[in-house]
Amino acid sequence: MSAPLAFAWRSLVRQPPRSTLGVLGVAAVGALLLDMLLLSEGLILSMRELLDRLGYDVRVTASDALPGMGAAIEGAPDAVAAIAALPAVRAVTPIRSEDAELAHRDRQVTSVLLGVGGTAPVWTILRGRDPENRRDLVINRYAAETLGVEPGATVTLRASCSHGPTAPPPVEFRVSGVAELPFDTPETASAAARLVDLEDACGAPGAGVADFLAVTSAGDAAAAAVAIGAARPDLRAFTNDQLIGRVQQTGFTYFRQISTVLATITMAFALLLITVLLTVSVNQRLGEVAALRALGFSQRRVVLDVLCESALIVGTGGVLSVPLGIALARWLDTILKRMPGIPEQMHFFVFEPQALLFHAGLLAATALLAAAYPMRIVARLPIAATLRNEVIS
Amino acid sequence: MEAHNRNEPFGLKFSTFLLAALLALTAVSPSAQAPDVPSILVSRQLAAREGLTVGDEMRLATDVRGERSRTFRIAGIYEPTPDPMRLGSVPLSVRMHLPDLLALTRDAAVPAGTEHVEAINVALADPADAETFSRDFNARAPGAFARPTSRATDSATTFVVLERFHAAIAAVTVLAATVFLLALTVMLVDERRETVGVLRLIGLPVRRILLQVLVEGVLVAGLGALFGLLLALGSEGLINRFFQWRYDTALVFVRITPRVALICLAIAVPLGAVATVVASWALLRRGGLRLARR
């Protein structure tokens with residue numbers, strides 16, 4: 001195999017412009033193909049990573065809707081107590097979100113206010129500390145910059161709640177820290193406090209309402225979900241995998257479809273062009289190939305030469321396409337992340353070794369298929385007639 | 001102009017709700033029902049799946065056990081507004097008058113008239129007052145939030161971003177195509193090396209040959225671009241029909257507009273012509289004898 005490879009290499013080196021252009025073309029197409037493979041699963045992988053990072057492996061809701069999208073859980077403290085008592089469960093955190101206006105001096109911002117029960121925080125503190133005392137809250141970086149506040153400052157909070165009085169009075173909160181909250185979207189203010197403080201701000205202390213319960217299982221998420229379902233048949237429990245499955249069915253379909261369509265078109269495009277390049281190249285060298293056959297090169301050998309030429313072009317282009325594709329993915333990710341409602345920590349293009357393997361496999365198949373027609377031409381070349389034509393012309 | 005509760009941002013004009021697991025549906029015999037049965041609209045997909053037709057009566061309930069159900073008469077079948085973000089999920093939905101929805105979903109403990117709605121669409125006498133109206137409303141009604149519909153641009157922004165994404169993909173595709181095109185033209189020009197050499201030897205100046213190559217390039221690129229456009233126009237219907245069938249939607253996936261066609265021509269023709277000239281230029285710099293030599 002090394003002899004045909006060396007021969008193919010010499011053939012390519014002999015014509016640097018066309019070889020370079022062919023390799024660059026494959027690199028560009030390969031980069032696009034890699035990006036489409038990364039896009040097809042990117043959001044799902046990113047979402048899974050984000051969910052896993054929060055440390056909860058089961059979400060409990062009042063309806064079949066995704067957490068935070070459907071009906072609220074009434075009587076959340078009872079539900080928390082019932083679920084926490086299950087042996088399959090290690091911890092339960094009720095979570096509720098409302099909208100709020102935050103104001104500091106003459107500045108104000110509309111924010112999402114997260115109320116979290118229990119002690120395990122769902123955010124990452126950047127400056128300051130967790131809200132430990134009554135009417136403490138953490139805010140995200142955008143809210144801190146918009147209001148011009150740092151930990152220790154006091155802000156006025158006017159909540160707009162779905163449960164409780166329609167217009168609760170404004171209350172003062174102390175900013176205990178600046179944090180990165182889960183599912184924060186760019187240029188959106190968000191804040192988080194203890195659930196009891198959110199209920200206070202809503203003017204309904206002890207309302208016992210939660211959007212959903214975040215549960216940490218004792219080790220087996222699926223068993224915990226089943227146990228919760230049995231203990232509280234009025235509630236729905238989803239493991240992270242089940243949630244991802246539901247999201248996969250209902251959301252993000254557009255990007256999966258477009259990546260499939262574009263990957264198919266890209267492959268077809270690459271196949272067509274490499275076939276044309278190799279075919280024209282072989283047609284220009286028919287005399288040379290016939291001479292080699294006359295000198296004793298076997299049919300298998302000349303066919304292998306063409307295959308190796310294709311493999312070299314596609315292989316070199318494929319290797320170049322990986323860094324190019326990663327750079328391109330970063331650029332495309334920046335474009336797509338400007339879409340409203342996309343959390344900062346989510347990415348459309350997520351690198352995974354499996355995608356790289358699939359990319360290599362697709363390019364190998366392209367090299368093989370693209371070489372098929374020129375290999376056929378070389379294999380069926382009439383040696384004597386070709387040499388005669390060459391001499392006459 | 002729309003006003004809605006801040007926690008439930010989806011305004012619904014003519015109450016719509018999805019038939020998810022919470023909604024039990026049973027077709028019933030029309031003869032068994034009272035004459036003042038409220039009317040509803042049923043999505044095409046739901047009608048097809050359940051074999052429903054206009055005039056049929058059906059019972060809707062808000063729980064899977066079918067308790068507190070109510071009978072409705074199908075007044076029409078509608079095509080849901082296509083939504084690219086919901087591609088792949090079949091819209092099994094019904095639309096009903098708001099009072100009917102409230103009566104169906106109202107909790108026993110909630111007195112009639114005190115239910116909540118998610119959004120109220122307001123048509124102002126003068127649409128130019130939208131900003132002022134929103135400010136006034138937000139100051140007077142702390143529990144609700146009003147915003148002009150012209151500012152409710154989340155979905156518009158989504159499509160602007162998607163358009164940019166498609167433009168970026170198209171740019172990379174054009175770049176890859178240009179590289180391949182150059183490779184092909186280099187090969188084709190090389191194939192005509194001897195002919196060009198002979199033309200040089202019989203006295204044709206480089207400029208004249210270059211002009212000929214340019215005209216040839218424009219013609220080939222023009223014909224290629226036209227062929228590409230015809231191919232796109234021909235496949236437009238096929239692609240749309242396939243994906244509309246695949247996802248059971250009225251969404252238009254591909255639309256070749258005159259603007260798109262013009263952009264394609266404006267990119268493809270100059271690109272093809274320039275690629276031909278660039279590929280020929282290196283060849284034409286060589287002497288006629290060197291070119292004609294075998």
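Student: Is Ala250(B) buried or exposed in this predicted model?
Tutor: Count the C-beta neighbours of Ala250(B) inside 10 Å: there are 12. A residue with 12 or fewer counts as exposed. Therefore Ala250(B) is exposed.

Student: Where in chain B is Ala250(B) placed?
Tutor: Look at the helices α6 (206-247) and α7 (258-284) of chain B. Ala250(B) belongs to the loop between α6 and α7.

Student: Which residues does Ala250(B) touch, not counting those up to four places away in sequence?
Tutor: Set aside the residues up to four places away in sequence. The contacts of Ala250(B) are then Glu79(B), Pro82(B) and Gln244(B).

Student: How are α2(A) and α8(A) oriented to each other, parallel or antiparallel?
Tutor: Helix α2 (residues 16-53) and helix α8 (residues 253-284) of chain A pack with their axes 8 Å apart, at an angle of about 160°. Angles over 145 degrees count as roughly antiparallel. So α2(A) and α8(A) are roughly antiparallel.

Student: How many nonpolar residues are in the contact of α2(A) with α8(A)?
Tutor: The crossing of α2(A) and α8(A) is left-handed. Its contact residues include six polar and one charged. The nonpolar ones number 17.

Key
Residues are numbered from 1 along each chain as its sequence is written. Chains are lettered from A and ligands numbered from 1 in the order in which they are written. This is a predicted model: local features need pLDDT of at least 70, side-chain atom pairs count only at pLDDT 80 or more; totals for chains, interfaces and linings use all residues. Helices (H or I, at least four residues) and strands (E, at least two) are DSSP runs, numbered from the N terminus. A residue is buried if 20 or more other C-beta atoms lie within 10 Å of its own, exposed if 12 or fewer, and partly exposed in between; C-beta atoms are placed from the backbone. Two residues are in contact if their C-beta atoms, placed from the backbone, lie within 7 Å. Axes are lines fitted to C-alpha atoms, for helices over the stretch in contact, and angles run from 0 to 180 degrees between N-to-C directions. Angles under 35 degrees count as roughly parallel, over 145 as roughly antiparallel, 65 to 115 as roughly perpendicular and the rest as oblique. A crossing is left-handed if the near helix is turned anticlockwise from the far one by less than a right angle, and right-handed if clockwise. Ala, Val, Leu, Ile, Met, Phe, Trp, Tyr, Cys and Pro count as nonpolar, Asp, Glu, Lys and Arg as charged, and the others, Gly among them, as polar.
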